[in-house]
Amino acid sequence: MSFQKALERHLQAIQAHDVETFLETVAQDGSLTVILPNGNLLDNYDEIAELHQEWFADPEWQMTTELVNMRESKEMATA
């Protein structure tokens, strides 16, 4: 799957509160780090999954995303 397709799938999962699809789009090998607004750092997949399961279960939240920049090379990609 291309990076652009994976990114689209990731962002659509956020909009739909689809935690299963969302978690399929994030690294499960320990290479993912999440820094929360309060400064707490999560670098364990299970902790990250638990946070998002609770977050996505809340019907009151919503997030608007806007792709402002995307760069892709053979070695990595960012958006």
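Predicted model: local features only at pLDDT ≥ 70, side-chain atom pairs only at ≥ 80, totals over all residues.

Modeller: The residue to begin with is His 52, which is located in helix H3, spanning residues 45-57. Leaving aside residues up to four places away in sequence, His 52 touches Val 19 and Phe 22.

H3 comprises 13 residues, and the distance from its first C-alpha to its last is 18 Å, close to the 18 Å expected at 1.5 Å a residue. Its buried residues are Ile 48, Ala 49, His 52 and Phe 56. Around the helix axis these residues cover an arc of only 100°, and so they lie on the same side of H3. The other side of H3 has Asp 46, Glu 54 and Ala 57, which are exposed. The cover over the buried residues of H3 includes H1, H2, strand S1 (34-35) and strand S2 (41-42).

Helix H1 runs over residues 3-16. With 14 residues, H1 reaches 20 Å between its first and last C-alpha atoms, close to the 20 Å expected at 1.5 Å a residue. Leu 7, His 10, Ala 13 and Ile 14 are the residues of H1 that are buried. Viewed down the axis of H1, the buried residues fall within an arc of 125°, so they line one face of the helix. Lys 5, Gln 12 and Ala 16, on the other side of H1, are exposed. Among the elements that cover the buried residues of H1 are helix H2 (19-24) and H3.

Asp 18 lies in the loop between H1 and H2. Its relative accessibility is 26%, which means that Asp 18 counts as partly exposed. Not counting residues up to four places away in sequence, Asp 18 touches Ala 13 and Phe 56. Ala 13 is one of the buried residues of H1, and Phe 56 is one of the buried residues of H3. The C-alpha atom of Asp 18 is separated by 28 Å from that of Ser 73, a residue 55 positions away along the chain.

To place this part within the whole, the chain has three helices and four strands, and from the N terminus on the order of elements is α-α-β-β-α-β-β. Its C-alpha atoms fill a box of roughly 35 × 25 × 25 Å along the principal axes. Of the 79 residues in the chain, 20% are buried. Among contacts in the chain with a separation of 6 or more, 41% join residues 24 or more positions apart. The chain exposes about 6100 Å², of which carbon and sulfur atoms supply 48%. Its side chains include 4 positive and 15 negative ones, and the centres of these two sets lie 18 Å apart.

Conventions
Residues numbered from 1 in each chain as written. Heavy atoms only, no water. Helix = DSSP H or I, 4+ residues; strand = E, 2+ residues; numbered from the N terminus. Buried < 20%, exposed > 50% of the residue type's maximum accessible area, 1.4 Å probe, protein only. Contact = heavy atoms within 4.5 Å. Areas by Shrake-Rupley, 256 points an atom, 1.4 Å probe, with all protein chains shown as cover. Lys, Arg positive; Asp, Glu negative; His and termini not counted. Charge placed at Lys NZ, Arg CZ, Asp CG, Glu CD. Expected span 1.5 Å × (residues − 1). Arc of directions from axis to C-beta.
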